[in-house]
Amino acid sequence: MGLLGAAIGAGLAVIGAGLGIGKLAAAALEGSSRQPEAAGNLRTTMIIAAALIEGVAFFAIIVCMLFLFIQSPNA
Amino acid sequence: MSEENLHVEKAESTENPSQKINQLLEGLGDHYEFNYSTFHFDILPYIFYDEGNFHFFSNKKALEESGQYTFSHHKPVRTSDHHSPDLDLSITNLVAFQFIAAILIIAAFLNIAKKYKKNATKAPSGFQNLMESLVVFVKDEVIRPNLDEKTTKKLLPYFLTLFFFILTLNLIGMVPGGHAATGSLGLPLALALIAFFVINIVAIKQSGIKHWLEHLLGGAPVGLAPLMIPLEIMGMLVKPFALTVRLFANMVAGHVVLYILIGLIFLFGIYFSPVLVGFSIFIYFLEILVSFLQAYIFTMLTVIFVSLAIGESHEEEHSH
């Protein structure tokens with residue numbers, strides 16, 4: 001049961017991170033197409049924000065990994 | 001990447017999955033002997049502080065010969081009561097790799113400094129050019145836009161050390177046979193704690209300790225202190241925690257994905273190996289990018305936290 005919980009949790013975490021970073025990349029692209037001079041600034045901000053969102057997803061992954069090591073009594 | 005872990009995994013395929021994963025992750029963790037891919041060198045000393053005495057053994061053979069300690073489950077325990085020692089300060093495999101990284105960085109930068117002193121008027125070339133461009137990148141793109149001149153001068157060595165230390169450790173983990181010291185929980189935690197102290201000590205030195213304590217109130221009236229102070233303290237502590245987990249999880253995730261992709265060859269048979277090896281090469285290049293990116297993100301976030309800690313005290317001075 002722990003394995004099932006870990007797998008589902010990891011999948012949900014990846015959905016969350018993918019949606020978040022996808023929206024972020026879309027906004028950054030739109031911003032740089034409206035104003036090409038700001039492309040460098042936007043790229044830096046995008047990378048920082050992507051790393052922060054990924055950090056949150058990794059919290060969830062660490063919790064899922066903890067589930068892998070908790071074995072039920074009769075396993 | 002250590003092939004011996006994959007051999008062990010194949011041989012004991014009757015065990016349940018979580019034990020196989022345990023073995024894989026053990027390869028990524030810390031060992032008491034110096035590891036280079038499948039070679040173990042028994043050269044690292046064991047240092048314990050146990051029951052009020054320091055014990056020093058030069059390698060594993062000396063430890064077992066002395067009779068005071070034995071091994072159980074790959075960990076040294078006292079022979080008398082099978083307790084692990086109180087404080088284990090041994091030089092383990094990852095500590096040895098950190099020393100290697102430190103020696104590499106010191107050698108590289110002393111070399112560049114000497115070359116710079118010798119021809120200060122000529123344009124740099126070769127290795128000096130590469131290092132100088134990285135240093136100037138960190139100084140002008142990461143530190144200067146966020147901090148004022150005085151703090152930049154004071155903290156520039158710390159930030160440069162942080163960036164290059166994390167970068168070198170990550171890249172050593174990428175070399176075939178190397179182990180990434182940032183892939184165990186201890187090193188990112190230590191770096192984040194140091195960053196925590198730097199942030200708070202710089203803030204205190206800038207505007208005094210009374211101001212810093214007033215910060216814990218967060219601008220609310222004093223009556224709300226029992227509510228605000230725990231919240232502000234948690235906000236202060238979550239920043240180093242996030243730095244730790246981000247660096248650690250990024251590095252571990254990359255290596256685990258590589259192990260699993262190669263391990264899938266055992267599951268799917270030899271005819272799938274071109275696809276899987278091609279995928280692994282792609283993930284390998286992604287990991288090199290992630291090494292640079294994580295060093296950059298760690299440094300940039302520490303700079304931003306320092307600038308937040310200083311900037312708030314400045315704003316309050318001007319606004320009152």
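Colleague: Which residue in β6(B) stands opposite Ser72(B)?

Modeller: Lys75(B) stands opposite Ser72(B). Bear in mind that this is a predicted model.

Colleague: And what faces Thr70(B) in β6(B)?

Modeller: That is Val77(B). The two strands involved are β5, residues 69–72, and β6, residues 75–78, both in chain B. Four bridges join them.

Colleague: Do they run parallel or antiparallel?

Modeller: Antiparallel. β5(B) and β6(B) form a hairpin.

Colleague: How many residues sit between the two strands of that hairpin?

Modeller: Two. His73(B) is in the turn, and its phi is positive, about 55 degrees.

Colleague: Now the open sheet in chain B. What is the strand order?

Modeller: The order is β4-β3-β7, three strands with antiparallel pairing. β4 (53–57) and β7 (87–88) of chain B stand at the edges. Each of those two has a single partner strand, so one side of each is left without a neighbour in the sheet.

Colleague: How many bridges join β3(B) to β4(B)?

Modeller: Five, with β3 covering residues 46–50 of chain B. Ile47(B) has Phe56(B) in β4(B) as its bridge partner.

Colleague: What holds strands like these together in general?

Modeller: Backbone hydrogen bonds pair the strands of a sheet, either parallel or antiparallel.

Colleague: Switching topic. What are the domains of chain B?

Modeller: The domain assignment gives domain 1 as 45–90 and domain 2 as 93–319. Their C-alpha centres lie 34 Å apart.

Colleague: On to helices. At what angle do α7(B) and α8(B) cross?

Modeller: Roughly 150 degrees, and their axes come within 8 Å. α7 spans residues 186–215 and α8 spans residues 225–268, both in chain B. The two helices are therefore roughly antiparallel to each other.

Colleague: Is that crossing left-handed or right-handed?

Modeller: The crossing of α7(B) and α8(B) is right-handed.

Colleague: Which residues meet there?

Modeller: From α7(B) you have Pro188(B), Leu189(B), Ala192(B), Leu193(B), Ala195(B) and Phe196(B). They meet Pro240(B), Leu243(B), Thr244(B), Leu247(B) and Phe248(B) in α8(B). By class, this contact has 10 nonpolar residues, one polar and no charged.

Colleague: What about α4(B) and α6(B), what is their crossing angle?

Modeller: Roughly 120 degrees, with axes that come within 10 Å. Here α4 is residues 93–118 and α6 is residues 149–174 of chain B. That angle makes α4(B) oblique to α6(B). The crossing is right-handed.

Colleague: Which residues make that contact?

Modeller: Among them are Phe97(B), Ile100(B) and Leu104(B) of α4(B), and Phe164(B), Phe165(B) and Leu169(B) of α6(B). The contact of α4(B) with α6(B) has nine nonpolar residues, two polar and no charged.

Colleague: Last one, chain A. How far apart are the axes of α1(A) and α2(A)?

Modeller: They are 9 Å apart, and the helices pack at an angle of about 175 degrees. α1 is residues 2–34 and α2 is residues 39–68 of chain A. That makes α1(A) roughly antiparallel to α2(A).

Colleague: How many charged residues are in that contact?

Modeller: One. The contact of α1(A) with α2(A) also has 23 nonpolar and seven polar residues.

Terms used
Residues numbered from 1 in each chain as written. Chains lettered and ligands numbered in written order. Predicted model: local features only at pLDDT ≥ 70, side-chain atom pairs only at ≥ 80, totals over all residues. Axes fitted to C-alpha atoms, helices over the stretch in contact; angles between N-to-C directions. Parallel < 35°, antiparallel > 145°, perpendicular 65-115°, else oblique. Left-handed = near helix turned anticlockwise from the far one by under 90°. Contact = placed C-beta atoms within 7 Å. Nonpolar A, V, L, I, M, F, W, Y, C, P; charged D, E, K, R; others polar. Pairing = 2+ DSSP bridges. Domains from an automatic or database assignment.
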